[in-house]
Amino acid sequence: MGTTQSGIHRGRLAPAEYETNFSDLHPRLDDHEALVAADRCYFCYDAPCMTACPTSIDIPLFIRQISTGNPLGSAKTIFDQNILGGMCARVCPTETLCEQACVRNTAEQRPVEIGRLQRYATDVAMEENRQFYERAPRTGKAVAVVGAGPAGLACAHRLAMNGHDVVIFEAREKAGGLNEYGIATYKAVDDFAQSEVDYVLSIGGIEVKNGLKLGRDFTLADLTANFDAVFLGMGLAGVNALGAEGENLPGVVDAVDFIAELRQAADKATVPIGRRVVVIGGGMTAIDAAVQARLLGAEEVTICYRRGKEHMNASPFEQDLAASKGVMIRHWLQPKRVIARDGQVAGIEVEYTEMRDGRLTGTGEIGALAADQIFKAIGQTFEAAGLGALALAGGRIAVDAEGRTSLPNVWAGGDCVKAGEDLTVTSVAQGRDAADSINRMLAAAAQPAFAVA
């Protein structure tokens, strides 16, 4: 068993345990299960589930197509609105979106399994490599896309459909964004994120240039000078600080970096984990980090969140999942100081909090939790390098309803803008809609001018 530092070890489990622990959270439905699940749908005319979907997928239609034995037709219905429908079926918080709106909840408190049905249909299409879209004749127009995450990929695919040439500039070694680097391993097994990237790019007309970062290797001005339009979809790269003494000690780790390392590890046993782990935060990243710490063999994992259970960004399903894996979630605690011993993390000092006159405040009561590893999962920030005079709003790129920024011929979408929830499905919708707006602009510019007699 390898040791990286006191209390943090690799290989805490037997090899077979890793395979079991990181297996598919929701295995795909088989044909019979899909038919049974689809049969529960009322096919509502004014489907509230469809309204709740950020990409406005025609959910009753795609479920009806499954129920009539047409999974490929169902997949096309999904992909028409959401070309990354396969990953969204795996990672979307459906319990707070489409499934929460399902009318089956009223009588039975159990919605139609929309997410699993969506995965069934899209998996069938992708496994058969059924391509539903062809490129239109080339327009001679070129569009730069910054970021190969959900927003960038959705934008690039829709632009390629319309005949435009697209170049995606991606800072990392692989395309996929948070789908590749930022979600729990057990939510997308078998390298699905890369399979989906390949499926999206197979339409043609899209070139991905990896290892090129905005603000380091090129600027927005470089792109606007060389392309007919630009879409910015680079996401969030900065990590918020704890604001606690000692947070730079060895053993204090950004949760997003931990999740990315685990996602890229060919052998999960090589990823070190503490015996006692504390996660600071209350969102999906905190849950993903905490659950995976337990799956790697951590004996005690505690999430500390500064507010109450009802304030957590993580859905009740995710909170229950964490509890089922042995994660303890403690509320009304904020970090004050990382406790060190011999230069290593030994614990964290926390202060109890409460709401006073509508504001969160510390009570002055101090406690401590033993820990040899601490994960920071308190949100990410936007890094604005290389954007020149582009206007920001709320620390992110300012856009209008179509995704247009303050600069001509520049659009943005995904987590780098503040519009809707920071979800994969929201990013897909914004990238798709921006592509439609870009296409309208390019088409109008290509129209010949009429001379006035």
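In the predicted model, the hairpin formed by strands S14 and S15 has 2 residues between the strands, and Asp357 takes a positive phi near 55° there. Strand S14 spans residues 344–356 and runs antiparallel to S15, to which 9 bridges join it. Within this pairing, Gly347 stands opposite Ala370 of S15, and Ile348 stands opposite Leu369 of S15.

In general, the strands of a sheet pair through backbone hydrogen bonds, in either a parallel or an antiparallel arrangement.

Positive phi values also occur in loops. Most residues other than glycine have a negative phi. Trp332, which is not a glycine, has a positive phi of about 60°. This residue lies in the loop between strand S12 (328–330) and S13. With a relative accessibility of 26%, Trp332 counts as partly exposed, because the partly exposed class lies between the buried limit of 20% and the exposed limit of 50%. Asn409, likewise not a glycine, has a positive phi of about 65°. Its position is in the loop between strand S19 (396–397) and strand S20 (410–412). Asn409 has a relative accessible area of 35% and is therefore partly exposed.

The loop between S19 and S20 also contains Ala401. At 86% relative accessibility, Ala401 counts as exposed, since the exposed class begins over 50%. The C-alpha atoms of Ala401 and Ile183 lie 28 Å apart in space, and the two residues are 218 positions apart in sequence.

Strand S20 pairs in parallel with strand S6, the two being joined by 3 bridges. In this pairing, Leu232 stands opposite Ala412 of S20. Strand S6 (residues 229–232) also takes part in a parallel pairing with strand S3 (residues 142–146), through 4 bridges. Here Val143 stands opposite Ala229 of S6. Both faces of S6 are covered: Ala229 and Phe231 are buried on one side, and Val230 and Leu232 are buried on the other.

Arg432 is found in helix H17, which comprises residues 424–446. Arg432 has a relative accessible area of 9% and is therefore buried, the limit for a buried residue being under 20%. Arg432 and Thr381 are 51 residues apart in sequence, with a C-alpha to C-alpha separation of 23 Å.

Helix H4 (residues 59–67) packs against helix H5 (residues 71–81) at an angle of about 170°, and their axes are 7 Å apart. This angle makes H4 roughly antiparallel to H5, because angles over 145 degrees fall in that class. The crossing of H4 and H5 is left-handed.

At the level of the whole chain, the division is into domain 1 (31–127), domain 2 (142–237 + 386–446) and domain 3 (239–380). The C-alpha centres of domain 1 and domain 3 are 34 Å apart.

Over residues 142–431, the chain is 25% helix and 30% strand, with the end C-alpha atoms 16 Å apart.

Notes:
Residues are numbered from 1 along each chain as its sequence is written. This is a predicted model: local features need pLDDT of at least 70, side-chain atom pairs count only at pLDDT 80 or more; totals for chains, interfaces and linings use all residues. Side-chain values use heavy atoms; hydrogens and water are left out. Two strands pair if DSSP finds at least two bridges between them. Domain bounds come from an automatic or database domain assignment. Buried means under 20% relative accessible area, exposed over 50%, partly exposed in between (1.4 Å probe, protein chains only). Axes are lines fitted to C-alpha atoms, for helices over the stretch in contact, and angles run from 0 to 180 degrees between N-to-C directions. Angles under 35 degrees count as roughly parallel, over 145 as roughly antiparallel, 65 to 115 as roughly perpendicular and the rest as oblique. A crossing is left-handed if the near helix is turned anticlockwise from the far one by less than a right angle, and right-handed if clockwise.
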